[in-house]
Amino acid sequence: MFPADTRQHAPRRADGLHRFSRSGVENVTKKLFIKTYGCQMNVYDSERMADVLAPLGYGLTDNADGADMVILNTCHIREKAAEKVYSDLGRIRPLQENRAEDGGRMIVAVAGCVAQAEGEEILSRAPYVDMVFGPQTYHRLPEMVSKAMRAAGEKVLDTDFPVEDKFDHLPEERGDSDAVTAFLTIQEGCDKFCTFCVVPYTRGAEFSRPAAAILEEARRLTRAGVREITLLGQNVNAYHGEGADGVEWGLGRLCRALADIEGLERIRYTTSHPRDVDDDLIAAHRDVEQLMPYLHLPVQSGSDRILAAMNRKHTADHYRRIVEKLRDARPDLALSSDFIIGFPGESDKDFAETIRLVTDIGYAGAFSFKYSERPGTPAAAADEQVDDAVKSERLTALQQLLESQQAAFNASLIGTAVPVLMEKPGRQPDQLVGRSPYLQPVHIAVPESRHEALTGQIVSCRIDRLAGHSLFGEMVETGAAPYDISSKERISA
Ligand code: SAH
Ligand code: SF4
Ligand code: F3S
């Protein structure tokens with residue numbers, strides 16, 4: 001999961017409105033601005049909110065100014081992410097007032113995990129907010145909107161964990177399905193209760209969608225041109241949905257079934273938990289060619305004492321063994337992880353264990369955060385909070401190590417040919433940007449006349465140089481040695 005950055009949903013039309021032509025909705029009369037914070041699940045949810053609102057005439061715009069509805073789809077994972085919502089609301093308020101002065105109306109809504117956790121508080125801190133709803137109720141948006149429209153001043157607060165399954169009430173067609181890559185939520189919620197984490201409270205109990213519904217959504221996406229699907233779940237490898245054959249399926253079985261879909265070239269999943277990596281999933285990494293050899297497997301800490309206090313339910317050696325098995329199954333597998341630094345009670349010795357684990361594993365990428373006290377979680381009540389200066393010092397040391405590992409990994413690709421899924425035009429006119437199997441952005445020199453034909457194709461590209469975390473190279477038309485990072489086989493440059 002890539003936490004706490006933000007993303008605005010850009011429209012795909014020059015006039016700033018996206019018509020949702022795939023769902024047959026052409027009567028766009030109102031402008032919808034959505035800002036998304038937090039993890040990929042929120043990105044998926046924002047897209048689905050747009051789908052739910054499309055039949056009411058809402059089309060996406062990239063500017064909150066002048067919008068008929070503004071939705072902030074929020075994240076509660078760390079204090080900074082949660083507080084950002086209030087500062088953004090402060091910026092939206094004058095836009096709402098301008099709209100009212102012009103005789104219009106802007107509905108302001110707060111959705112997502114902050115809405116779930118602080119629903120009432122949002123309405124009292126920002127009384128100009130019209131609607132507050134959690135991650136499990138946005139299929140009810142049409143009712144919420146009509147309630148909010150009936151009378152200005154009537155507030156909508158819907159932070160239920162409803163008995164009905166929202167996925168059964170979302171539109172089948174997806175407005176975003178003209179992209180090359182897509183997210184697909186297969187599992188939601190979490191029963192793990194790590195002592196630092198708000199997710200079990202904001203997303204609720206673990207729930208797996210039936211395989212048939214997932215396969216159908218994947219088929220629809222693939223028919224529309226999607227070539228890569230990232231399966232999403234807060235704890236995605238805890239997936240245990242009803243299988244297409246009536247028997248319960250795990251994630252490995254689901255990946256095999258997805259791999260049979262014609263045109264689906266790449267499968268990824270995130271975020272997985274070390275405790276739920278079972279033998280079948282490991283075998284899927286060996287057998288399923290479409291399953292990409294890049295796995296986000298957060299470990300959080302390398303100290304057994306801290307892992308136990310976090311309630312992660314595994315040790316550092318357990319993690320090492322899982323990684324070993326995965327690498328045996330798929331020798332070209334690269335890993336990324338999340339780390340929390342300065343969890344209550346973390347000593348220099350505990351931190352040294354984290355550094356040792358990182359050195360042992362060798363990551364191709366990682367996210368690391370200072371521990372943030374979250375209201376209502378057990379760790380927030382712990383006595384031994386770590387001093388902020390100590391957290392900063394440790395975080396810098398860890399990030400330097402992770403950064404050097406990532407740089408070395410990226411550099412190891414120079415001179416090799418990697419398969420790149422071409423996604424979109426680059427910044428330069430004669431350039432396409434795609435992704436490697438390891439999710440690195442790859443910028444390829446391609447004449448503009450060939451852009452359309454190559455978008456959505458997987459093309460073998462020779463990597464010539466790096467800039468930051470991006471790779472640059474050229475297409476290899478014929479005769480390239482197959483890309484193989486495990487044996488570090490090179491093609492001649
Ligand atoms: N389900 C995933 C993580 C979801 S939250 C897992 O089990 O690994 C995404 C990341 O945010 C976590 O991996 C963790 O590193 C970080 N995080 C969660 N709560 C945090 C907190 N209270 N302070 C700092 N980082 C936190
Ligand atoms: Fe949070 Fe732990 Fe669940 Fe991940 S597994 S979402 S860190 S409680
Ligand atoms: Fe944030 Fe909620 Fe995702 S707290 S990380 S948006 S599950």
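Here are a few friendly notes on this predicted model, taken one feature at a time.

1. Let's start with the three-stranded sheet. The sheet is open, its strands pair in parallel, and their order is S8-S11-S14. The edge positions belong to S8 (181-185) and S14; each has a single partner strand, so one side of each is left without a neighbour in the sheet. From one strand to the next, the twist averages 25°.

2. For a closer look at one pairing, take S8 with S11: five bridges join them in the parallel sense. If you want a residue pair to find on screen, Ala-182 has Ile-229 in S11 as its bridge partner.

3. H1 (residues 40-53) lies across S8, S11 and S14, and runs at about 95° to S8.

4. Next, please have a look at H7 (residues 251-259). Seven of its nine residues are buried, so the helix is largely enclosed by the rest of the structure. The buried ones are Leu-251, Gly-252, Leu-254, Cys-255, Ala-257, Leu-258 and Ala-259.

5. Finally, which residues surround ligand 3? The shell consists of Cys-39, Asn-42, Thr-74, Cys-75, His-76, Ile-77, Cys-113, Arg-203 and Gln-234. By class, four of the shell residues are nonpolar, four are polar and one is charged.

Technical notes: Residues are numbered from 1 along each chain as its sequence is written. Chains are lettered from A and ligands numbered from 1 in the order in which they are written. This is a predicted model: local features need pLDDT of at least 70, side-chain atom pairs count only at pLDDT 80 or more; totals for chains, interfaces and linings use all residues. Side-chain values use heavy atoms; hydrogens and water are left out. Buried means under 20% relative accessible area, exposed over 50%, partly exposed in between (1.4 Å probe, protein chains only). Helices (H or I, at least four residues) and strands (E, at least two) are DSSP runs, numbered from the N terminus. Two strands pair if DSSP finds at least two bridges between them. Axes are lines fitted to C-alpha atoms, for helices over the stretch in contact, and angles run from 0 to 180 degrees between N-to-C directions. Contact means heavy atoms within 4.5 Å. A residue is near a molecule or strand if one of its heavy atoms lies within 4 Å of it. Ala, Val, Leu, Ile, Met, Phe, Trp, Tyr, Cys and Pro count as nonpolar, Asp, Glu, Lys and Arg as charged, and the others, Gly among them, as polar.
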